Amino acid sequence: MKNARVQPARHRCFDQWRGASGPALRQLVEETVAAVAQHEVDTAARKRARREADLQRHLEAVEGVVANLAHTVLMPPETGRLAVFLQHGAKGCGRYDNPAFGKPFTGLLSRLDAMDVLSFRGPVAMWREASSIAPTVSFASQVRARGIRLSDFGRLPGEETILLKQKARKGLAHSGSVGGLVDYEDTASTVEMRKTVEGLNIHLEVACVTFVDDGRGPVDHRQRRLLRHFVQLPDDGDAPRFDRGGRLFGGFWQNLKRDRRASIRVEDEPIVDLDFASMFPRLAYATTGKEPPPGDLYAIEGLGPEHRPALKLAVNTFLFDDFHRPSWPAPSSEKDPRLPAEWTVARTKAAFLARHPALRGCFGVGLGYSLMHRESVILIHVLEEMRSRGVVGLSLHDGILVPRSRACEAKAVMEMIGREITSQALPVTMKSSHPVMA
């Protein structure tokens, strides 16, 4: 029997908002702009000068391409290439798109390919692979010779920080319930939320946040820009709403494995991980107006502490389900924690509700995204308060990373704001591989 073909790894996506900040990278951008202009003259690729708006988009496109290629040299993707999405025939530009990468983008890539700046490759249909680019040997040597570093990268203006994504209805791929980003109209609420996130991003941009080399691969500690992601559910109607989800994404620390976070330094200090204990069950209790029992809410009879991660995943499943589940969903990964085989949905739910009868009405009604929103509101308020105190906080979904010397202060702030918003105690746990200073 012939061996089955193994689909290759996906290319990392081209970042249409990556730009240049430091002088070394800015100089490379300016020289590339001049080289493109000369190439257009030599090849008669353009007959007339660009209009002012078109010229500005062209300059941003060159900057974006050069910055992406240079970043690829410093942080090589698994495949060595970046996927680029060419808008052939696309009409207009949505709020999430950078207008610099519209229809003329294809022509720019062709010119840069001819100039030996990049290698352009068209789509590969059999793998459903997008068009892609990679830096040439010549370009990569320029990046290294100039001493370009991660601190040289910045962001182009205009990136949307408030994202609303429509979730598709499961099992109804052809029902008209299609997922994707929603191109919503701004309101006073979205303007205010964007202002808050931008304030946090400015605070992070100038903060002293570094990563001590741990020998396990490069980490881009300059990737700090946060975006707030909201969710629109299939039954929410046509009017955009921002009361589901709302978590912050984008910081380099969020995707780091937990054991690597010990190498993060904030203001030259080791960090401490603070998180709300049993956050989702406690937020569910807050919706009932009843107080949870003392202790770990995931401690139930019949399951030892080694099964806590699997039980936590199970409870979250019950909270996000909008139906009464008869069986467990297929695991998304082999690494997902699992309960023992004899712990069926019915047995697990019954055991958990035996200790938490007040939460019976919270299961199977799709409460999860609303709880996630409440969690995000608490974290935003915590980060805002810490910013007002001059403290850098790196947000996780149910907690923050802070410099060791401010850990006790941050813990008190988290518990104070948690009580203010939910009217209940939300205890915070403190984790650190280093001694915590009071």
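# Reading the cores and ring pairs of a predicted chain

Me: What radius of gyration does the chain have, and what would a compact globule have?

Reply: With 438 residues, a compact globule would come out near 22 Å, and the chain has 25 Å, which agrees. The radius is taken over C-alpha atoms, and the globule rule is 2.2 Å times the number of residues to the power 0.38. Along its principal axes, the C-alpha trace spans about 80 × 55 × 55 Å. Please keep in mind that this is a predicted model, where local features need pLDDT of at least 70, side-chain atom pairs count only at pLDDT 80 or more, and totals for chains, interfaces and linings use all residues. Residues are numbered from 1 along each chain as its sequence is written, and side-chain values use heavy atoms, with hydrogens and water left out.

Me: How many helices and strands does the chain have?

Reply: Helices (H or I, at least four residues) and strands (E, at least two) are DSSP runs, numbered from the N terminus. Here there are 10 helices and 16 strands.

Me: What share of the residues is buried?

Reply: Buried means under 20% relative accessible area, exposed means over 50%, and partly exposed lies in between (1.4 Å probe, protein chains only). Buried residues make up 46% of the 438 in this chain.

Me: Which residues have the most contacts inside the largest nonpolar core?

Reply: A nonpolar core is a set of buried Ala, Val, Leu, Ile, Met, Phe, Trp, Tyr and Cys residues joined through side-chain atoms within 4.5 Å. The largest has 78 residues, and Trp253, Ile264, Leu394 and Ile400 have the most contacts inside it. Helix α9 (residues 368–388) gives the largest share of this core, 9 residues. A second, separate core holds 33 residues, among them Val73 and Leu150.

Me: What is Leu394 in contact with, leaving aside its neighbours within four places in sequence?

Reply: Contact means heavy atoms within 4.5 Å. The partners of Leu394 include Leu204, Val209, Trp253, Ile264 and Ile400. Across the chain, among contacts between residues at least 6 apart in sequence, 74% join residues at least 24 apart.

Me: How many aromatic pairs are there?

Reply: Rings of Phe, Tyr and Trp (its six-membered ring) pair if their centres lie within 6.5 Å; planes under 30 degrees apart count as stacked, over 60 as edge-to-face and the rest as tilted. That rule gives 11 aromatic pairs. Take Phe14 and Phe101: their ring centres are 5.2 Å apart and their planes stand at 75°, so the pair is edge-to-face. Phe14 lies in the loop between β1 (12–13) and β2 (18–20), and Phe101 in the loop between β3 (82–84) and α3 (104–114), so the pair ties together parts 87 residues apart in sequence. Both Phe14 and Phe101 are buried.

Me: Where do Phe280 and Phe320 lie?

Reply: Phe280 and Phe320 form a stacked pair, 5.9 Å centre to centre with 25° between the planes. Phe280 lies in helix α6 (residues 279–288) and Phe320 in helix α7 (residues 308–320), 40 residues apart. Phe280 is buried at 6% relative accessibility, whereas Phe320 is partly exposed at 25%.

Me: Which ring does the charged end of Arg95 sit over?

Reply: A charge sits over a ring if NZ of Lys or CZ of Arg is within 6 Å of the ring centre and within 35 degrees of the ring normal. The charged end of Arg95 sits over the ring of Tyr184, 4.0 Å from its centre. Lys349 lies over the face of Phe318, at 5.1 Å from the ring centre. Ring pairs also link Phe318 with Trp328, Phe352 and Phe363 into a cluster.
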